[in-house]
Amino acid sequence: MNVTVFRHERDAAVALADELLAALARRPALVLGLPTGRTPVTLYRRLVELHAQGRADFSQVTTFNLDEFLGLPADHPGSYRAYMTRHLFAPAGIAPAQVHFLDGMASDPEAECARFEATIAAAGGIDLMVLGIGANGHIGFNEPGAGLSARSHRVVLKAQTRRANAAFFGNDPARVPGEALSMGMATILQARRLVLLAMGRGKGRAVERMVNGPVTPRLPASFLQLHEDVEVMLDEAAAERLTRAQS
Ligand code: PGA
């Protein structure tokens, strides 16, 4: 794992946006894996800026989102599709035909997961997967537990994760859907390059265990140690425990 510590969150977003621009220059039909949550908002804002300046052309990219709530219509403001449309797709000119989600309204979630996996394979796999990390070490909605699912699957969300997602549900965790669909850890690890963003002291312990701890389903992010091309981008607060461990 390559770890880079940035002074501010914005510096990490600028660096990752520059990497994306360089990758797009090499391969305009880039296949991206994308996360939601608070962390990537700064990255998406930067990409939208670059697009507005005519420096980023996303017209040929294909995107796959990591996860989606079960049972929420796509236009619900709390759905991850709505989040992506708001923060990136609409302002960066990425058309609905270019983007792929696990459909939380699918009548057969298991078949939907199989369809999603087949669509990723048909696109030639994911070139660059951007990831966040939960304070509990989850990746996507792969929550800590006794075991992990390799492929896209249906998950029951932890109370902590529902609380973290309550903002678009009237700040009431009970209104956050209790289940979701998520890429599995093998789906994620098959991407050619992984870049994980983590900001703030609240992520420090999970980051330290991800980098230095054993590979264990108790901390799904630790499985990233098994991938040969992983970049971890941190701000100083998220890196605090790492630097303490190294000094
Ligand atoms: P956050 O979520 O960016 O909102 O902290 C990350 C995650 O839970 O994966």
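**View 1. Surroundings of the ligand in the predicted model.** Gly37, Arg38, Thr39, Gly132, Ile133, Gly134, His138 and Lys203 surround the ligand, a residue being counted as near a molecule or strand if one of its heavy atoms lies within 4 Å of it. This is a predicted model, in which local features need pLDDT of at least 70 and side-chain atom pairs count only at pLDDT 80 or more, whereas totals for chains, interfaces and linings use all residues. Residues are numbered from 1 along each chain as its sequence is written, and side-chain values use heavy atoms, with hydrogens and water left out. An N or O atom in the side chain of Thr39 is 2.5 Å from an oxygen atom of the ligand, and an oxygen atom of the ligand also lies 2.5 Å from an N or O atom in the side chain of Lys203. For His138, a polar side-chain atom is placed 2.6 Å from an oxygen atom of the ligand. The ligand taken alone exposes 280 Å², of which the protein buries 74%; accessible areas come from the Shrake-Rupley method with a 1.4 Å probe, and for residues only the protein chains shown count as cover.

**View 2. The open sheet of seven strands.** The strand order is E1-E10-E9-E6-E2-E3-E5, with parallel pairing; strands (E, at least two residues) and helices (H or I, at least four residues) are DSSP runs numbered from the N terminus, and two strands pair if DSSP finds at least two bridges between them. At the edges are strand E1 (2–6) and strand E5 (99–100), each of which pairs on one side only. Strand E2 (residues 31–34) and strand E6 (residues 128–131) are joined in the parallel sense over two bridges, and Leu32 has Leu128 in E6 as its bridge partner.

View 3. Three bridges join E4 to strand E8 (residues 179–182), the two running antiparallel, and here Glu68 stands opposite Leu181 in E8. E7 is joined to E8 by four bridges, again antiparallel, with Val155 opposite Ala180 in E8.

**View 4. Thr187 in helix H6.** Thr187 lies in helix H6 (residues 185–189) and counts as buried because its relative accessibility is 5%, where buried means under 20% relative accessible area, exposed over 50% and partly exposed in between (1.4 Å probe, protein chains only). Not counting residues up to four places away in sequence, Thr187 touches Glu117, Ile120, Ala150, Arg151 and Ser152, contact meaning heavy atoms within 4.5 Å. The side chains of Thr187 and Glu117 are joined by a polar contact of 2.8 Å; such a contact is a pair of N or O atoms within 3.5 Å, and within protein one must be able to donate a hydrogen and the other to accept it, while residues adjacent in sequence count only if both atoms are side-chain atoms. Thr187 and Gly125, although 62 residues apart in sequence, are 9.2 Å apart in space, C-alpha to C-alpha.

View 5. Arg193 lies in strand E9 (residues 193–198) and is buried, with a relative accessible area of 19%. Its side chain makes a polar contact of 2.6 Å with the side chain of Glu19. Leaving aside neighbours within four places in sequence, Arg193 is in contact with Glu19, Asp127, Leu128, Met129, His227, Asp229 and Glu231. His227, found in the loop between helix H7 (204–212) and strand E10 (230–235), counts as buried at 12% relative accessibility, and a polar atom of its side chain lies 2.9 Å from the backbone nitrogen of Asp229. Residues up to four places away in sequence not being counted, His227 touches Leu189, Ala191, Arg192, Arg193 and Leu194.

**View 6. Asn171 in a loop.** Asn171 lies in the loop between helix H5 (159–164) and E8 and has a positive phi of about 55° although it is not a glycine. Asn171 is exposed, with a relative accessible area of 61%.
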